[in-house]
Amino acid sequence: MTDQRQTDTSPAGFAYNTRLNILCAPLEVIDVAGLVDDCTDEWFNQTLCKVDESVVRLGVVHGEYHWHKHEAEDEFFYVVSGRFFIDLEDRTIDLAPGKAVVIPKGTMHRPRALERTVILMVERAGIVPTGSP
């Protein structure tokens, strides 16, 4: 499958490397640690696989994403390593390794990481990761 990239720029000026192609088929072993080790981007997002009507995505992130929301899709974030913050309009969610949260559809949010952080996300396959402002 071709590498479908969505290119946008963060508030800090670095490019998001968002890969929407499904990297692995069912029964293929996914080398998550290898992908993390090979990553040199500030904000990297790779779709790993499809599970029914959802996808599992790997994020290797450092910096600040932009404020956005997803009108029709929830998002699940799980922190593997580092520390991940999700700013909401009225508070900030602080996720350490082993912690997770669901951001409900229609919720304005801004993900950010003060250090290199590895996350796994589960969301509907058709979601546009950059959302709408």
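A search of the whole structure, which is a predicted model, finds one cavity of 30 Å³ or more. A cavity here is a set of points on a 1 Å grid over the protein atoms alone where a 1.4 Å probe fits but cannot get out. The model also holds four aromatic pairs and zero disulfides.

Local features need pLDDT of at least 70 and side-chain atom pairs count only at pLDDT 80 or more, while totals for chains, interfaces and linings use all residues. Residues are numbered from 1 along each chain as its sequence is written, and side-chain values use heavy atoms, with hydrogens and water left out.

- Strands are DSSP runs (E, at least two residues) numbered from the N terminus.
- By class, the lining of the largest cavity comprises nine nonpolar, two polar and two charged residues. Ala, Val, Leu, Ile, Met, Phe, Trp, Tyr, Cys and Pro count as nonpolar, Asp, Glu, Lys and Arg as charged, and the others, Gly among them, as polar.

**Aromatic rings**
- Tyr 16, Trp 43 and Tyr 65 are joined into a cluster by ring pairs. Rings of Phe, Tyr and Trp (its six-membered ring) pair if their centres lie within 6.5 Å; planes under 30 degrees apart count as stacked, over 60 as edge-to-face and the rest as tilted.

**Cysteines**
- There are zero disulfides, a disulfide being a pair of cysteine sulfur atoms within 2.5 Å.
- Cys 24 is in no disulfide, and the nearest cysteine sulfur, that of Cys 49, is 7.4 Å away.
- Cys 24 is buried at 11% relative accessible area, and Cys 49 is buried at 16%. Buried means under 20%, exposed over 50% and partly exposed in between (1.4 Å probe, protein chains only).

**Gln 46**
- Gln 46 lies in strand E3 and is buried, with a relative accessible area of 2%.
- The Gln 46 side chain reaches the backbone oxygen of Asn 21 at 3.1 Å.

Note on methods:
On a 1 Å grid over the protein atoms alone, a cavity is a set of points where a 1.4 Å probe fits but cannot get out, and a pocket is an open set with protein on both sides within 12 Å along at least five of seven lines; lining residues have an atom within 4 Å of a point. Grid points are joined across faces, edges and corners, and a volume is the space filled by probe spheres set on the points. Helices (H or I, at least four residues) and strands (E, at least two) are DSSP runs, numbered from the N terminus. A polar contact is a pair of N or O atoms within 3.5 Å; within protein, one must be able to donate a hydrogen and the other to accept it, and residues adjacent in sequence count only if both atoms are side-chain atoms.
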